[in-house]
Amino acid sequence: MVSLDVIWWIVFARLTNHWIGRAVISLFMLVMMLGLVAIIAARMSRGDWDRVLPKFAVSAIFIWHFIGLGSLALIGLALIPILLGQKIISHKTPAKVASAAESNAWSRRDFLRFGAAMLPPVFTLSLTGIAMAQLNRVRVRRFVLPIVDLPKELDGMTIAQVSDMHVGRFTKGEVLQKTVRLVNDMHADLVLLTGDLINDALADLDTGLELARAMEARFGLAIIEGNHDLIENPREFETRVKASGIPFLLDETTIVNVRGIPVQLLGLRWTRVHGEGRDAAIGVEVRKLLEQRVADAFPILLAHHPHAFDAAAAAELPLTLSGHTHGGQLMLNEQLGFGPAMFRYWSGLYERGRSKLIVSNGVGNWFPLRVNAPAEIVHLTLRRE
């Protein structure tokens with residue numbers, strides 16, 4: 001990314017002949033490069049001193065490097081044939097000698113070149129402004145789920161699903177307190193947290209655990225782990241959450257008595273296999289976890305990765321709750337974007353036979369900008385089908 005920063009710095013600096021343009025683009029690129037290096041160095045050293053950087057600045061650094069550079073790469077590839085053609089034509093065309101008056105005035109071409117050189121800061125700062133407005137927003141998304149063979153005593157049972165809080169760099173303060181208020185206003189029978197409590201730094205874990213403790217459920221609360229929870233130190237994360245007293249399910253189950261009926265919560269540990277074998281490994285882990293299933297209890301699978309639903313549906317498990325996808329994070333519409341490009345199930349309700357899956361967009365963010373994938377808490381009401 002730093003190499004691309006340097007390349008595009010040179011390109012945009014040469015694009016404009018005006019010193020103001022060169023000064024602005026040079027300042028922008030320098031800040032983006034130094035900011036990126038500072039964030040990476042802070043995470044690698046686990047010094048957490050990147051926290052002193054303003055949220056706006058960190059958001060701009062992320063947006064520029066993950067969206068801006070990628071967009072420029074695509075534009076650059078598309079423009080290569082055009083630029084080569086112009087270069088060939090310019091060699092065959094006699095150069096025009098400009099007069100003194102013309103050389104001191106801005107031509108239309110100069111103005112367009114100046115405007116193009118200003119695109120990186122304008123684009124980045126505009127998206128950052130939108131992102132900052134979004135970071136404190138969270139909605140409640142409600143589903144009524146007809147469940148085959150749901151015990152009649154559980155008809156109307158409610159669940160608050162809180163996923164992907166990502167407590168840390170972008171998700172802190174107001175939005176987290178609002179999340180707790182919204183959950184508690186639901187008066188749900190169960191509160192279930194489906195992974196990524198923290199963004200990456202264990203320095204935020206105590207805050208995340210305090211938030212979980214503050215969430216009120218009529219009959220029970222449970223939590224599972226996600227991939228971001230394990231970035232800094234998996235063993236320390238698991239040890240500290242286990243010691244917190246909050247029911248934490250690592251390939252384990254717990255029975256919660258709801259209205260006199262046992263409800264079994266099955267919590268899947270994050271599967272650390274990468275690449276093409278991940279889905280198969282997730283399926284193996286789900287089947288091993290289901291060996292703990294209690295026959296007379298109503299089961300709910302908590303799995304951070306939604307692809308666990310394949311094995312759950314094969315076992316006719318009635319309900320699976322997942323997160324991880326952030327609803328696709330950047331979506332053109334409900335069917336186009338990063339969600340369907342990366343996952344079979346990315347947002348909302350999915351059904352297969354008698355089995356249902358809910359994938360939450362999540363509350364928090366590792367990346368500051370969402371498009372057509374709003375942050376959310378999920379409220380479920382189960383009904384007898």
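The chain exposes about 18600 Å², and carbon and sulfur atoms supply 61% of that area, with accessible areas taken from the Shrake-Rupley method with a 1.4 Å probe, where for residues only the protein chains shown count as cover. Please keep in mind that this is a predicted model, in which local features need pLDDT of at least 70 and side-chain atom pairs count only at pLDDT 80 or more, while totals for chains, interfaces and linings use all residues. Residues are numbered from 1 along each chain as its sequence is written, and side-chain values use heavy atoms, leaving out hydrogens and water.

Of the 385 residues, 50% count as buried, that is, under 20% relative accessible area, as against exposed at over 50% and partly exposed in between. The C-alpha trace spans about 90 × 40 × 35 Å along its principal axes, and the secondary structure comes to 12 helices and 11 strands, these being DSSP runs numbered from the N terminus (helices H or I, at least four residues; strands E, at least two).

Isoleucine 10 lies in helix 1, and it counts as partly exposed because its relative accessibility is 48%.

Definitions and conventions:
Buried means under 20% relative accessible area, exposed over 50%, partly exposed in between (1.4 Å probe, protein chains only).
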